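Keep the structure in view while reading.

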Amino acid sequence: MSWDLFIQDWGNVNSLDEIPDDFTPKPIGNKSEIINKMREVEPTIDFTDSSWGKLENDLFSIEFNMGDKEKLYGFTMHIRGNEMVVPCIANILSKLSLKAADGSSPNFFDVENSKNDIQKWITYRNKILNK
């Protein structure tokens, strides 16, 4: 069970509610370029398989579902662990100059709001897993 963030070109809007119905996202770059930028921020990301990266430590893990194509229109982060992951996500998104959407909120990822979002997810996860 993971907290998922969806990264792509979201246009020049401040929330998901503002995206026009006819919006078409632009490519975000080549997968190899995106991976290299991510490794500049987090050098321990394992992209042995370029379609599925992994960043793991004692506090959290992030899996990066990049897909099979070199030209990327977006990717997904599958996050497990605690709120210590939030600064890591922020650093990656900042390096890529991209925004991430959290399916549980109309707002884009930002450090303060997302600390609350991951806490809600942790509470939900623990309830489902009876912890």
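## The largest pocket

In this predicted model, the largest pocket is lined by Gln8, Asp9, Trp10, Gly11, Pro27, Ile28, Ile34, Lys37, Leu96, Ser97, Leu98 and Lys99. Its volume is about 160 Å³. Sorted by class, the lining holds 6 nonpolar, 3 polar and 3 charged residues.

Empty space shows up when a probe the size of a water molecule is rolled over the atoms.

## Tryptophan 10 and phenylalanine 108

Trp10, one of the residues in the pocket lining, also takes part in an aromatic pair. The structure has 2 aromatic pairs. In one of them, tryptophan 10 and phenylalanine 108 are tilted, with 5.7 Å from centre to centre and 55° between the planes. This pair links distant parts of the chain, 98 residues apart. Tryptophan 10 belongs to the loop between strand S1 (3-8) and strand S2 (29-30), and phenylalanine 108 to the loop between strand S7 (99-102) and helix H3 (111-128). Both residues are buried.

Lysine 99 lies over the face of the phenylalanine 108 ring, 4.6 Å from the ring centre. Lys99 is also one of the residues lining the largest pocket. Serine 15, in the loop between S1 and S2, is 93 residues from phenylalanine 108 in sequence, yet the two are 6.0 Å apart in space, C-alpha to C-alpha. Is serine 15 buried or exposed? Its relative accessible area is 11%, so serine 15 counts as buried, the cut-off being under 20%.

## Phenylalanine 47 and phenylalanine 64

The other pair is made by phenylalanine 47 and phenylalanine 64. Why is this pair called tilted? The ring planes stand at 40°, which falls between the limits of 30 and 60 degrees, so the pair is tilted. The ring centres are 6.0 Å apart.

Phenylalanine 47 sits in the loop between helix H1 (31-41) and strand S3 (52-56), while phenylalanine 64 sits in strand S4 (residues 60-65). The pair therefore ties together parts that are 17 residues apart in sequence. Phenylalanine 47 is buried, with a relative accessible area of 7%. Phenylalanine 64 is buried as well, at 0% relative accessibility.

## The nonpolar core

In soluble globular proteins, nonpolar side chains tend to be buried together. The largest nonpolar core here has 29 residues. Which of them touch the most other members? They are Met38, Ile62, Phe64, Phe75, Met77 and Ile89.

Two or more residues of this core come from each of S1, H1, S4, strand S6 (74-81) and helix H2 (85-96). H2 gives the most, with 8 residues.

## The chain as a whole

The chain contains 3 helices and 7 strands. Along the sequence they follow the pattern β-β-α-β-β-β-β-α-β-α. Of the 131 residues in the chain, 40% are buried.

Glycine 29 is an example of a buried residue, with a relative accessible area of 19%. Glycine 29 is found in strand S2. Between the C-alpha atoms of glycine 29 and glycine 74 there is a separation of 8.9 Å, although these residues are 45 residues apart along the chain.

Notes:
Residues are numbered from 1 along each chain as its sequence is written. This is a predicted model: local features need pLDDT of at least 70, side-chain atom pairs count only at pLDDT 80 or more; totals for chains, interfaces and linings use all residues. Side-chain values use heavy atoms; hydrogens and water are left out. On a 1 Å grid over the protein atoms alone, a cavity is a set of points where a 1.4 Å probe fits but cannot get out, and a pocket is an open set with protein on both sides within 12 Å along at least five of seven lines; lining residues have an atom within 4 Å of a point. Grid points are joined across faces, edges and corners, and a volume is the space filled by probe spheres set on the points. Ala, Val, Leu, Ile, Met, Phe, Trp, Tyr, Cys and Pro count as nonpolar, Asp, Glu, Lys and Arg as charged, and the others, Gly among them, as polar. Rings of Phe, Tyr and Trp (its six-membered ring) pair if their centres lie within 6.5 Å; planes under 30 degrees apart count as stacked, over 60 as edge-to-face and the rest as tilted. Helices (H or I, at least four residues) and strands (E, at least two) are DSSP runs, numbered from the N terminus. Buried means under 20% relative accessible area, exposed over 50%, partly exposed in between (1.4 Å probe, protein chains only). A charge sits over a ring if NZ of Lys or CZ of Arg is within 6 Å of the ring centre and within 35 degrees of the ring normal. A nonpolar core is a set of buried Ala, Val, Leu, Ile, Met, Phe, Trp, Tyr and Cys residues joined through side-chain atoms within 4.5 Å.
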